[in-house]
Amino acid sequence: MAGFAAPTGVAPPPGAHHRTPGLLAWIILSPLVLWLLLFVVAPTLMLTAVSFAERDALGRIVWNFSLQNYFRAFDWVWLKILFQSLYYAFLTTVICMAVGYPAAYCIGRAPERWRGILLMLVMVPFWTSFLIRTYAWITILSKEGIVNSQMISAGIFTEPISLLYSPFAIVLGLVYNFLPFMILPIYTSVEKLDNAMIEAAYDLGAGPLRAFSQVIIPLTRPGIAAGAMLVFVPSIAMFAITTLMGGGTNPMIGEVIFKQFTSGRNQPFGAALGTILLLVFILTLWLARSQRVKEE
Amino acid sequence: MKKTTLLLSALAAFALPATTHAAPNKNLNIYCWSEYIPQAVIDRFAKETGTKVTVENYASNEEMLSKLAAGGGAYDIIQPSEYVMEALVKEKFLHPIDRAKIPNLKNIAPQFLNLAFDPGNKFSVPFMAGTVGIVVNTDLIKTEIRGFNDVFKPENKGNIVVLDDAREIVAWALLANGMGVNQITDKNLNKIKPTLEKWLPLVKVYDSDSPKTALLNGDVAVGVVWGGEGAILLNKNKKFRWIIPAEGSHMFIDSLAIPKAAKNVESAEEFMNFILRPEISKEISEEFPYLNPNLAARALMTKKELENPASFPTDEEMKKMQIFRDIGTQASEIEEIVTTLKAQ
């Protein structure tokens with residue numbers, strides 16, 4: 001993830017010139033480099049290699065070069081599932097931004113002694129296991145759950161409605177789980193916001209709306225970009241929520257890959273789908289980057 | 001079938017290593033399903049034999065298979081289902097068992113021995129079996145349900161939970177079209193496609209780990225689930241009814257086996273014999289009410305447990321049960337067919 005977030009988070013300071021890192025820098029960096037090599041580069045290379053292989057009846061990899069997995073992958077079904085996953089990830093990112101930005105802004109502009117507590121409140125739910133939180137949502141949303149029973153006793157619903165196992169539940173689950181990843185980077189940007197700039201905008205005659213859209217948003221943009229990436233990328237492949245809260249009726253790309261690796265006993269095909277997903281990520285990042293470079 | 005979530009098994013990892021107080025000079029590494037062997041049973045074995053037991057869990061047969069096939073882990077006991085056992089026997093992955101060391105094998109009902117996946121039980125001893133059947137919430141569904149064709153009817157749309165298992169779903173469609181669960185040929189798959197096209201859009205929830213949840217919460221009214229899950233529902237509320245599909249159904253048999261690479265074969269055999277003891281087997285059934293193949297254990301069980309139709313099918317129903325055979329590379333195609341129809 002560090003590799004994805006870094007280019008969006010830090011803009012080079014004006015007048016910075018490139019220096020070759022010294023020996024000490026390499027020593028300090030070595031754990032990170034080693035980590036990246038072992039857990040990012042090596043698995044990616046393995047995945048790519050496996051995607052060109054075949055498998056036997058037990059699911060063991062047979063090292064015969066074959067393009068068959070890729071031919072099979074370019075079928076409308078997988079593309080449709082991929083687009084659907086991208087759509088859900090996009091929706092999640094937009095909602096996280098709409099909800100997360102005001103929250104992050106308020107926390108970042110709050111009196112300093114409050115900030116720590118407010119940030120803590122964002123994080124507290126995440127001290128509980130992911131699975132327990134998801135099961136809690138199942139209890140809340142089910143037909144005999146808290147929401148339905150309260151709505152019925154308040155007279156708003158006449159009979160229980162199906163909240164769980166729906167696209168609504170999927171998006172809710174995704175937003176709930178990824179919201180902090182949006183709030184934290186935006187908060188970091190907001191905290192660094194120079195009050196003088198905002199005051200200058202007002203002095204020069206900008207109304208609140210204009211000051212927000214032309215000064216505050218551009219200044220907090222690194223946080224927004226980092227947050228969007230941190231929410232969008234993991235949402236695409238997240239399948240635990242879609243299966244538990246969505247009922248598994250809308251297959252997502254992460255789930256499809258997982259199933260080919262397991263019950264399909266076809267690691268090469270799963271690897272081919274995984275490699276295609278990786279290429280989609282790279283393409284998205286590259287497009288986002290070239291867009292930014294053009295603007296600068 | 002005890003396919004409690006992959007993630008749950010990760011949680012369980014915290015509770016796992018069952019250490020003993022006795023200075024252990026014997027070791028046993030068990031690789032088994034999550035939610036299948038009670039911790040108390042493992043602790044008792046460790047204490048009684050002075051063995052240091054470590055347990056690792058898996059959530060699907062294929063997860064176990066891929067780990068074994070990749071040569072990972074030195075396990076002494078594994079717990080595959082019948083069709084994976086067949087593949088492991090065929091590929092010579094298993095260590096033959098010494099029947100003299102496992103006298104308790106006599107407790108197992110003959111109908112669970114000498115089956116096609118391991119003729120003569122050279123490599124495996126049965127652990128638990130179970131059926132797949134229909135659970136109906138009779139408060140919500142008043143019409144009579146006898147088989148798959150009654151479950152997958154338009155009026156039940158959005159009210160159905162099924163196992164999230166492509167092989168199972170395809171097997172039901174084969175049965176509904178009068179074919180056997182193992183008659184998986186391209187021709188037959190084409191024949192059952194219209195059935196699946198009709199069925200799958202009616203489903204609300206796919207869940208293999210805990211299909212009972214959606215039924216208990218009232219989110220769905222009918223389900224096709226593992227017998228063990230059905231038995232728990234029947235114990236919880238009288239409104240649930242269990243039906244073995246008129247078209248027939250799948251019976252699974254999970255057995256214990258010793259991989260060839262095992263380092264502690266003697267302890268593994270000792271464990272097999274221990275598990276087959278009547279009182280131990282009964283204890284397992286109390287916690288996980290599957291179809292217990294152990295006749296001596298059944299003699300110790302309560303009338304209520306034995307009369308749970310989701311645990312113990314009648315002799316008549318047993319005749320309609322079919323056992324899965326290994327289908328090798330076709331597993332991937334079956335996965336694709338079901339995924340395609342889900343995404344339609």
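User: Why is the meeting of A:Lys259 and B:Asp164 called a salt bridge?

Analyst: In this predicted model, the side chains of A:Lys259 and B:Asp164 meet at 2.8 Å, N to O. A salt bridge is defined as a side-chain nitrogen of Lys or Arg within 4 Å of a carboxyl oxygen of Asp or Glu. The pair is therefore a salt bridge, since 2.8 Å is within 4 Å.

User: What makes A:Lys259 and B:Asp164 part of a network?

Analyst: Salt bridges that share partners join A:Glu255, A:Lys259, B:Asp164 and B:Lys342 into one network.

User: On what basis are residues numbered, and which of them are counted?

Analyst: Residues are numbered from 1 along each chain as its sequence is written, and chains are lettered from A and ligands numbered from 1 in the order in which they are written. Local features need pLDDT of at least 70 and side-chain atom pairs count only at pLDDT 80 or more, while totals for chains, interfaces and linings use all residues; side-chain values use heavy atoms, with hydrogens and water left out.

User: How do you know that A:Arg60 and B:Glu91 link two chains, and why are they called partly exposed?

Analyst: Their side chains meet in a salt bridge at 2.8 Å, N to O. The pair crosses between chains, from A:Arg60 in the loop between strand S1 (54–55) and strand S2 (61–62) of chain A to B:Glu91 in the loop between H4 and strand S4 (124–137) of chain B. Helices (H or I, at least four residues) and strands (E, at least two) are DSSP runs, numbered from the N terminus. Buried means under 20% relative accessible area, exposed over 50%, and partly exposed in between (1.4 Å probe, protein chains only). A:Arg60 has 24% and B:Glu91 has 35%, so both are partly exposed.

User: What makes B:Glu155 exposed or buried?

Analyst: B:Glu155 has 53% relative accessibility and therefore counts as exposed. Its salt-bridge partner is B:Lys153, at 3.8 Å, N to O; B:Lys153, at 22%, counts as partly exposed.

User: How do you know how much area is buried between chain B and chain A?

Analyst: Buried area is the accessible area (1.4 Å probe) that two parts lose on being put together, summed over both. For chain B and chain A it is about 3,500 Å², of which carbon and sulfur atoms give 57%. B:Lys204, B:Asp219 and B:Glu335 supply 16% of the area that chain B buries against chain A, more than any other three residues.

User: How many residues make the contact, and on what rule?

Analyst: The contact takes 40 residues from chain B and 38 residues from chain A, where contact means heavy atoms within 4.5 Å.
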